[in-house]
Amino acid sequence: MLNTSELPLPSRSSDRLLQPFWEYLLFHHLPLISSHFFPVILAFSSYLFFSIPFAVLDLLGEKVPLFYQYKIQPDRKPTLVMMAKSFLITLYNHIFFVIPSVIITTFILSAPMMPQDAPTLYEVFIDGLAILLLFDTQYYIWHVIHHKNSQLYRWIHSIHHEYMAPFSWSTEMLSIPELLTVGLWSNQDPIILKCHPLTTWLVTVFSIWLSVEDHIGYDLPWTLNHLVPFGLLGGAPAHDMHHQMPSSNFAPFFSHWDRIFGTAVPLNKKNKLRY
């Protein structure tokens, strides 16, 4: 029997442009998308997919001046050893903590029911924005607390600040408590907000892109922080400054909380290359 609230039928709603794609997932990949492992697979594969191109750029360095001219800290270059260490920490966390947590969850909770209808594009945008804003608020508060308290910083958050110049692989270089906290919010926020599963998955991919983009170490002119108006997104410049000045730019995505509480610090561009 299909694990859906009703058997999927042809879409009755002309405004549900995602309905054909949703029905394809229901008919052909239901066991996968209804598995508790699917969010983990989606998140980890997105992290890999988005990180690899920038890792290649870092290794090529000055050989690709079109991109290297936008390097924020050109005097601090990630080495292959640094990249391997960051990736192995992420892999270790997933193998020994994330996957066992999911296995335990499968014994406690039944597979989630999939709705028949896809979300509208409006619902994806509004609900997705709500998820991002809620997570941004949660992490801002958590982040400030863990920087203000020396013991919390030392035992929980300091591993993420091992490198003053972030790079793509360091995005998920986290301690177990921080990883589990972020994972809890990522899983529970969409449930609290009653979001469609497809919206949740799309936001998962998008938020990981934002996180990787924050850590790439390049102030590229076509990244989202430049494309979204009014400086609403911090992007790589803001997070790079956070690693240089840990008392600044605490928000993961948006800039409003840092502006409101006076923790926003603009990028110091004196060290950027110009060709």
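Modeller: Buried means under 20% relative accessible area, exposed over 50%, and partly exposed in between, with a 1.4 Å probe and protein chains only. The model is predicted, so local features need pLDDT of at least 70 and side-chain atom pairs pLDDT 80 or more, while totals for chains, interfaces and linings use all residues. Residues are numbered from 1 along each chain as its sequence is written, and side-chain values use heavy atoms, without hydrogens and water.

Colleague: Is Trp222 buried, exposed or partly exposed?

Modeller: The relative accessibility of Trp222 is 44%. That value makes Trp222 partly exposed.

Colleague: What type of pair do the rings of Phe67 and Trp222 form?

Modeller: Rings of Phe, Tyr and Trp (its six-membered ring) pair if their centres lie within 6.5 Å; planes under 30 degrees apart are stacked, over 60 edge-to-face and the rest tilted. By this rule there are 21 aromatic pairs. For Phe67 and Trp222 the centres are 5.9 Å apart and the planes at 85°, so the pair is edge-to-face.

Colleague: What type of pair do Tyr163 and Phe167 form?

Modeller: Tyr163 is buried at 13% relative accessibility, and Phe167 is buried at 0%. Their ring centres are 5.3 Å apart and their planes at 50°, so the pair is tilted.

Colleague: How many residues of helix H10 are buried?

Modeller: Helices are DSSP runs (H or I, at least four residues), numbered from the N terminus, and H10 spans residues 235-244. Among its buried residues are Pro237, Asp240 and Met241.

How values were computed. Helices (H or I, at least four residues) and strands (E, at least two) are DSSP runs, numbered from the N terminus.
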